[in-house]
Amino acid sequence: MKIIKENLSLKPYLNFLDSDEKALFLDIETTGLNRRFNTIYIIGILEIDSDEATLTQYFALKPSQEKNILDAFYKQLDTDRVLITYNGRFFDIPFIESRAKKYGIESKLSQMKEFDLLRFIKKQAFLLKSKDNKQKTWERYLGISRKDKYTGGELIKVYNDYTKVPDLLKERDLLLHNREDLINLSRLTEIVKRINTMNTIKKSQYDFLINTIELNKDTIIIEGNTNKADFISYDKGLSFEIENGKFLFKSPTMKDKYDKIRSCNFLNLDDEFANATNQSEYHCPDDILLLAINNSLIHENCYELLDKYLDRLI
């Protein structure tokens, strides 16, 4: 087993964490996707403090050292930090926990607050319009380059060859891939900043950051955060509430056929919403604001609805 430590100069965007929280980025490399039969050969972590970053890699020189790297990882793990991953909720975390259980090692990952960047991005995919959600796709989106030339799948053969005939070049490639995964993951948090900017409606000195939009029983429900004081308004079926920095907006919709195949939810634009306009690619009369087609939200028009509603209030 090898433990590689490196101090780096990194300052990722972490404003989505509380002021007293510290980040720990996590990424693993495995010999396959099946956590019952495959093993972990690298556990990589990147700990961010105010003035420095520390990257640590626990590297199993052969599969029989998997328990050693798990023991070393858990010995150092600071559970007070926030765990930041890319698809870690469905891959890295359960894989580590499953392998730890095999060796009778108590897992501490479930004790940690966790932020899965992939999950966050998927919720906001309508804003970014990417062809897929692979980490390398978002790296290219932000102009982040790599020296690493392999995919995780391709490295399985490299590792298997390395365990038979250890080779410094292969070892370098294995460690480089994990290192760049971690460093680039920390840089990808810039996407959170961009999404939050795109999701924010500004009115006077107030900001309204949209977190979720959903259609529930033909009612549009928008939730988010704001710096405006507590407030309640009920008017013509619309409701808007602010409590402790959280806002909740609800608007009932009408439902009808959009065409011969699809249904739609919409609002008739009366005098109070006369200045609202269709922001989507869907065609509709000028006095209609389409909000969903076949129960699939038209996010641009939901934003437009809230934006024009806030104009009335502020």
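Contact here means heavy atoms within 4.5 Å. With that cut-off, Asp 181 touches Asp 27, Glu 29, Gln 135 and Arg 146, leaving out residues up to four places away in sequence. Asp 181 is buried, at a relative accessible area of 9%; buried means under 20% relative accessible area, exposed over 50% and partly exposed in between, using a 1.4 Å probe and protein chains only.

A quick note on what you're looking at: this is a predicted model, where local features need pLDDT of at least 70, side-chain atom pairs count only at pLDDT 80 or more, and totals for chains, interfaces and linings use all residues. Residues are numbered from 1 along each chain as its sequence is written, and side-chain values use heavy atoms, with hydrogens and water left out.

Back to Asp 181, which sits in helix H7 (residues 168-188). Helices are DSSP runs of H or I with at least four residues, strands are runs of E with at least two, and both are numbered from the N terminus. H7 packs with helix H6 (residues 154-164) at an angle of about 140 degrees, the axes being 10 Å apart. The axes are lines fitted to C-alpha atoms over the stretch in contact, and the angle runs from 0 to 180 degrees between N-to-C directions. On the H6 side, the contact uses Leu 155, Val 158, Tyr 159, Asp 161 and Tyr 162, while H7 brings Lys 170, Glu 171, Asp 173, Leu 174 and His 177.

Now for the nonpolar cores, each a set of buried Ala, Val, Leu, Ile, Met, Phe, Trp, Tyr and Cys residues joined through side-chain atoms within 4.5 Å. The largest one has 55 residues, and those with the most contacts inside it are Phe 25, Leu 46, Leu 117, Ile 222, Phe 240 and Leu 306. Helix H9 (residues 299-313) gives the most to this core, with 6 residues. Another core lies apart from it, with 31 residues, including Phe 95, Leu 155, Tyr 159 and Tyr 162.

Finally, have a look at the backbone in two loops. Most residues other than glycine have a negative phi. Lys 217, though not a glycine, has a positive phi of about 50 degrees. Lys 217 lies in the loop between strands S8 (206-216) and S9 (219-226), and is exposed at 78% relative accessible area. Asn 295 is not a glycine either, and has a positive phi of about 65 degrees. Its loop runs between strands S15 (288-293) and S16 (296-297), and Asn 295 is partly exposed, at 48% relative accessibility.
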